[in-house]
Every structure is written in C-alpha cells, then in structure tokens.
Amino acid sequence: ASAVQDAFSLPQDIRLLTTDHLVAVGASSPPHQWLVVAGWPCQDLSPAGKSAGLQGERSALLHHLVRVIGALQQLQKLLPPGYIIENVPMQFHPESGIAKRDFDIICDMLGHPTVLDAAQFGSLAHRVRNFWTNLCTPMQLAAATSQVVRPSGRTVKLALGPGREPVQVKAADKPPRYCCNTPGSPMQAWPTFVAHPESYSFRPGQPGSVLTADGSHDQPTALEREFALGYPRDSTAAPGITESQRRKALGECMDSHCLQCLFAITHAWW
C-alpha cells in the first residue's frame with residue numbers, strides 16, 4: 001500500500017522532475033526496490049501519427065525518462081531499480097527513417113525490446129507493443145511468451161452490454177498481431193484502442209465498430225473498453241470526467257492482461 005501513498009507529490013510533468021525531488025521522497029535510501037513502469041508518448045513513432053520520429057516534440061520525453069531511471073540507478077546502487085518501458089513497435093513502421101534509424105537509436109539507449117500483443121494474454125483488444133525491462137533478459141521473456149496460448153472463450157461479446165453485438169470478422173489477423181481472429185468465428189479481439197476519437201478502425205462497419213439493437217453502429221464505450229483491457233469497470237470514472245476523456249485515457253494506457261503476465265513471467269524467472 002505504501003507504493004501509492006503521496007502518489008502525486010512529485011511533479012506530474014517529467015520534464016520538471018529532478019534528482020532533488022527523487023531524494024526528497026526517499027530515493028537515496030529505499031527500504032524496498034523501486035520499480036519504474038513507463039511509456040513515453042507514441043504519436044511521433046506510430047504509423048497512425050504524423051511520423052515525426054525521434055525529432056518530434058513528444059518523443060523528446062524519452063530522454064527525460066532515461067534521465068530519471070539513470071538518476072535512480074546512481075542513487076540506488078545497492079538496491080538497483082527495476083523498470084518496464086513500453087512503446088509502439090516502431091521497427092515495423094513503413095518509413096525506414098523510423099523503422100531503422102530511430103529504432104536503432106532507441107535500442108542503443110534501452111537495449112533490445114520484446115514484442116508482445118496483449119491479445120495473446122487474454123485481452124479483448126489487440127495492443128502490439130515493444131517492452132524493455134531489466135527484470136529478465138529479452139531472450140528469457142521471448143522464450144516464455146512464445147509458449148503462451150490465449151485463454152479459450154475470450155470473445156469481445158463478454159465486454160458488450162445488452163443489445164450490442166460485434167461486427168463479423170472479415171479478415172484474419174496478421175503478424176505482428178497475435179493471430180486470434182478468423183473469418184466465420186466470433187471476434188476475439190478488437191483493433192487497438194487509441195486516444196484519437198475518430199480512429200478509422202472504429203468507424204461504422206470497421207472491425208472495431210459495434211452493432212446496436214436499432215441496427216446502427218457505435219464504438220465501444222469506456223465501460224466496455226475498461227473490461228476489454230482488464231481493468232475494473234468504472235476505473236476511469238470520476239466526477240467531472242467525460243466519456244470522451246475516459247476513452248482517451250484508455251487509448252493511452254497499458255493493457256492490464258499483458259502487464260500481469262509480464263510480471264508473472266519475470267517473477268518466475270527470478
């Protein structure tokens with residue numbers, strides 16, 4: 001429980017977070033090992049964004065993330081911090097400048113990632129992401145995850161409310177997605193949830209759209225997205241928070257199924 005006490009006492013803008021702030025909250029003499037779980041904004045590196053790459057303003061936050069982890073490693077030499085870092089698999093980007101040059105620079109900074117799709121671990125939405133961690137080696141994580149088979153009976157219908165149905169699967173999944181959707185079978189995983197409200201994959205008739213009782217098309221609600229991602233229902237609900245804001249937050253979060261399995265695998269290796 002102590003991990004979430006004073007959770008907002010540090011600057012919420014990572015650019016303003018200094019070593020002095022970390023020392024002030026006990027980073028220089030921790031009674032327990034610290035764990036950093038982070039993902040820097042992916043819009044500059046995603047094919048769905050403007051493809052600004054590492055030159056983009058959002059991507060610049062990666063350097064601040066590395067700075068903070070480096071500061072903790074210097075402060076906590078006897079009990080080094082663990083970390084899990086997540087971002088889009090930019091090595092599959094159609095532009096070579098991002099897929100090769102930027103990916104190589106990132107790997108020089110963080111090491112080689114392991115590519116995981118949350119759908120493999122039971123999520124009701126695809127979320128293909130790179131993960132960098134020092135909790136085990138990339139080889140260990142890849143070897144363990146290659147043996148994971150998606151739990152049976154996990155279809156998006158489980159997340160939908162009364163009178164709401166998924167559209168039919170028209171095309172089979174292709175790598176790097178975990179291949180679980182096949183034509184003629186119930187849809188097991190929606191496309192990746194994103195922060196942008198007008199994502200093409202969730203427009204009427206597309207794989208992410210939902211059929212309502214009156215025959216119209218809708219998008220998954222925030223409640224349905226929470227369930228799909230493995231979070232408690234209404235976990236993003238709060239006074240003054242709109243449906244749109246909740247969907248945006250869920251488009252930017254990490255998938256709970258994937259993180260739980262990653263933790264379980266690294267714990268087993270230890």
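A residue counts as buried under 20% relative accessible area, as exposed over 50%, and as partly exposed in between. The structure described here is a predicted model.

**Ser28 and its surroundings**

Ser28 lies in the loop that runs between helix 1 (19–24) and strand 1 (35–38). Because its relative accessibility is 39%, Ser28 is classed as partly exposed. Apart from neighbours within four places in sequence, the contacts of Ser28 are Val23 and Leu75. Leu79 is 51 residues away from Ser28 along the chain, and the C-alpha atoms of the two are separated by 10.0 Å.

Strand 2 spans residues 82–87 and is mostly covered, with six of its six residues buried. The cover applies to both faces of strand 2: Gly82, Ile84 and Glu86 are buried on one side, and Tyr83, Ile85 and Asn87 are buried on the other.

Strands of a sheet pair through backbone hydrogen bonds, either parallel or antiparallel. A three-stranded open sheet has the order 5-6-7, with antiparallel pairing. Its edges are strand 5 (165–166) and strand 7 (217–218), each of which pairs on one side only. Strand 5 is joined to strand 6 (residues 210–211) by two bridges, and the two run antiparallel. Glu165 has Leu211 of strand 6 as its bridge partner.

| Strand pair | Bridges | Direction |
|---|---|---|
| Strand 5 and strand 6 | Two bridges | Antiparallel |

**Helices 5 and 6**

Two packed helices are described by the angle between their axes and the distance between the axes. Helix 5 (residues 222–229) packs with helix 6 (residues 243–252) at an angle of about 20°, and their axes are 9 Å apart. Angles under 35 degrees count as roughly parallel, and helix 5 and helix 6 are therefore roughly parallel to each other. Their crossing is left-handed. Helix 5 contributes Ala222, Leu223, Arg225, Glu226 and Leu229 to the contact, while helix 6 contributes Glu243, Arg246, Arg247 and Leu250. By class, the residues of this contact are four nonpolar, no polar and five charged.

Terms used:
Residues numbered from 1 in each chain as written. Predicted model: local features only at pLDDT ≥ 70, side-chain atom pairs only at ≥ 80, totals over all residues. Heavy atoms only, no water. Pairing = 2+ DSSP bridges. Helix = DSSP H or I, 4+ residues; strand = E, 2+ residues; numbered from the N terminus. Buried < 20%, exposed > 50% of the residue type's maximum accessible area, 1.4 Å probe, protein only. Contact = heavy atoms within 4.5 Å. Axes fitted to C-alpha atoms, helices over the stretch in contact; angles between N-to-C directions. Parallel < 35°, antiparallel > 145°, perpendicular 65-115°, else oblique. Left-handed = near helix turned anticlockwise from the far one by under 90°. Nonpolar A, V, L, I, M, F, W, Y, C, P; charged D, E, K, R; others polar.
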